[in-house]
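Trainee: I would like to know what stands behind the terms used for a model like this one. Can we go through them in turn?

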Amino acid sequence: MELAIEVRNVWYTYPGGVVALRNINLDIYLGEKLVILGSNGAGKSTLIKHFNGLLKPQKGYVKVFGVDTRKASVAELSRKVGIVFQNPYHQFFSERVWDEVAFALKNFGYSEDAINYRVTKVLRLFDLYDYADRSPFELSSGEMRRLAIASILAYDPDVIVLDEPTVGQDKIQKEKLREYIKLLTLQNKTVILVTHDIEFITEGFDRIVVMAKGTIVGEGKPKEILYDEEILVKANLMMPQIPRIATCSKLSKIRDERPLTENELLFLVLSMLRGRK
Amino acid sequence: MAAILVENLTYYYPKSIRPALKNITLKIERGDFVIITGPSGSGKSTLVRTFNGLIPHFYEGRFEGRVLVFGVDTRKASVAELSRKVGIVFQDPENQILTLSVEREIAFGLENLGLPSTKIRERVNEVLKELKIEDLRYRVPFELSIGEQQKVIVASILAMKPEVLVFDEPTAHMDPYSAWIFSKILKELNRRGYTIVVVEHRLDLLVEYVTKIFVLKDGKLYAQGKPGEILERDDIDSIGVNVPKFISFFKKLKNHVRTVKVPRSINEASEVLRKVVMWSSL
């Protein structure tokens, strides 16, 4: 697999002395669906700001498709790595939804035709085309989040970082988000989800990196990490509900299986009951 | 007398042609622990803003029907008076912080009530202890983590000694462990006699403690009842309520194993599952 982002021995201290990152090492591949999991203040947001050069490492280096972020501008890096921040309305500054999406494309020097084509395409994709003439600030929070993703997708970066996208979202909005993530990976995009929503990540991700106090305290497949109480506790997290009941009931131990979703657990329990009959 | 009684309440925000709340009638008893849930935009936050008179006093708009707080019609009392009965903790703690020290933050509301300074000091000490945040006393609220800020806001509201505590999505920004700790705090406050009202998407941590769930949808009261009754209904899941996964798992299992009872808490869920496992490996 092609390496998209390479993080090597990265340290970062904020002015004022708070050490936010302590010797971070991480490889992220093209097409990967990665979760960066951790509680508030673990250093997740500081880390992702290194992916498009908003922050530069004070020690160590970050390479984006081989390019050292200290030697490239945020604008250049942003064409490769798009970040959707937690509060989408802090990102908007245009008067129309259409202009919001077209903004980056204009900056990148796309032709008028290309801009029209791309804006139309992503607005349609995210069910926002009917709102093209409205103000971004008139949208609901779910629509704003879609607009934030759409305006980044429009310029087609290879890596898309979503910072806490499930905060304050209801179940239906979360399911939609899951579909959009699927859609992105079908296009071989790298999706990096930054979150502490342990229930959301039980489905659809390849790998989980757990951060606490500026370091990576664990890394592995969802079935490994979400069953590892020790790592989760270190990061102020808890086991999701299904792993928790599978562990507490000793089910996962007896059968040596690690269900993450209701359906996986149901399948396991029914197969055990059938075995008895 | 009910703590909060809402009767035929319909409310339009100023200049809005669609009502945010449509003909809502509900009752919250003294000592209740209720959850108000429902999809985004269903009117949950609007509803709780009627409980201390913010609606209609501050927001204006068209207000039909009535809300009684311990028998007092909210239109006939001021927000200041109502706030002594009903304290609301809103979603973003940082927007509620006004002062430069935790101690001052908690004292602020009490000073506005005109309490003598000895009494204020006493209450500040009480709530700092109650929420186990004595170490934060001299800190600057803006510099605290969101979870800590939330506790400071709760403390400043507890200090006013209201009878009803309302929380609007309190755990939205909290990590799972902090949210779990917070659910224990709510349970303890309820045990001490506070009536608790929580607006929440996330139900897994609270469901075992609550006495009643109200579900709003499109500004209407879609369903109300005991947690078991509500969460086991098939339609509740499909309108966008986040039914806890351990409950939806047992609902599915019940389709295959009729005798299984849907548990109320995650611990009970583990117990029931353990029995199923033991039975099947006999």
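Trainee: How do you know whether the radius of gyration of chain A agrees with that of a compact globule?

Mentor: This is a predicted model, and the comparison rests on chain length. A compact globule of 277 residues would have a radius of gyration near 19 Å, and chain A has 20 Å, so the two agree. The C-alpha trace of chain A spans about 70 × 45 × 35 Å along its principal axes.

Trainee: What makes a residue of chain A count as buried, and what percentage of chain A is buried?

Mentor: A buried residue has 20 or more other C-beta atoms within 10 Å of its own. In chain A, 45% of the 277 residues are buried.

Trainee: What makes residues of chain A and chain B count as in contact, and how many are there?

Mentor: Their C-beta atoms must lie within 7 Å. By that cut-off, 36 residues of chain A are in contact with 36 residues of chain B. Helix 11 of chain A gives the largest share of chain A's side, nine residues. That side of chain A divides into 16 nonpolar, 13 polar and seven charged residues.

Trainee: How do you know what confidence the predictor has in chain B?

Mentor: The scale of pLDDT runs from 0 to 100. Chain B has a mean of 91, with 99% of its residues at 70 or more. The model as a whole scores ipTM 0.84 and pTM 0.87.

Terms used. Residues are numbered from 1 along each chain as its sequence is written. Chains are lettered from A and ligands numbered from 1 in the order in which they are written. This is a predicted model: local features need pLDDT of at least 70, side-chain atom pairs count only at pLDDT 80 or more; totals for chains, interfaces and linings use all residues. The radius of gyration is taken over C-alpha atoms; the globule rule is 2.2 Å times the number of residues to the power 0.38. A residue is buried if 20 or more other C-beta atoms lie within 10 Å of its own, exposed if 12 or fewer, and partly exposed in between; C-beta atoms are placed from the backbone. Two residues are in contact if their C-beta atoms, placed from the backbone, lie within 7 Å. Helices (H or I, at least four residues) and strands (E, at least two) are DSSP runs, numbered from the N terminus. Ala, Val, Leu, Ile, Met, Phe, Trp, Tyr, Cys and Pro count as nonpolar, Asp, Glu, Lys and Arg as charged, and the others, Gly among them, as polar.
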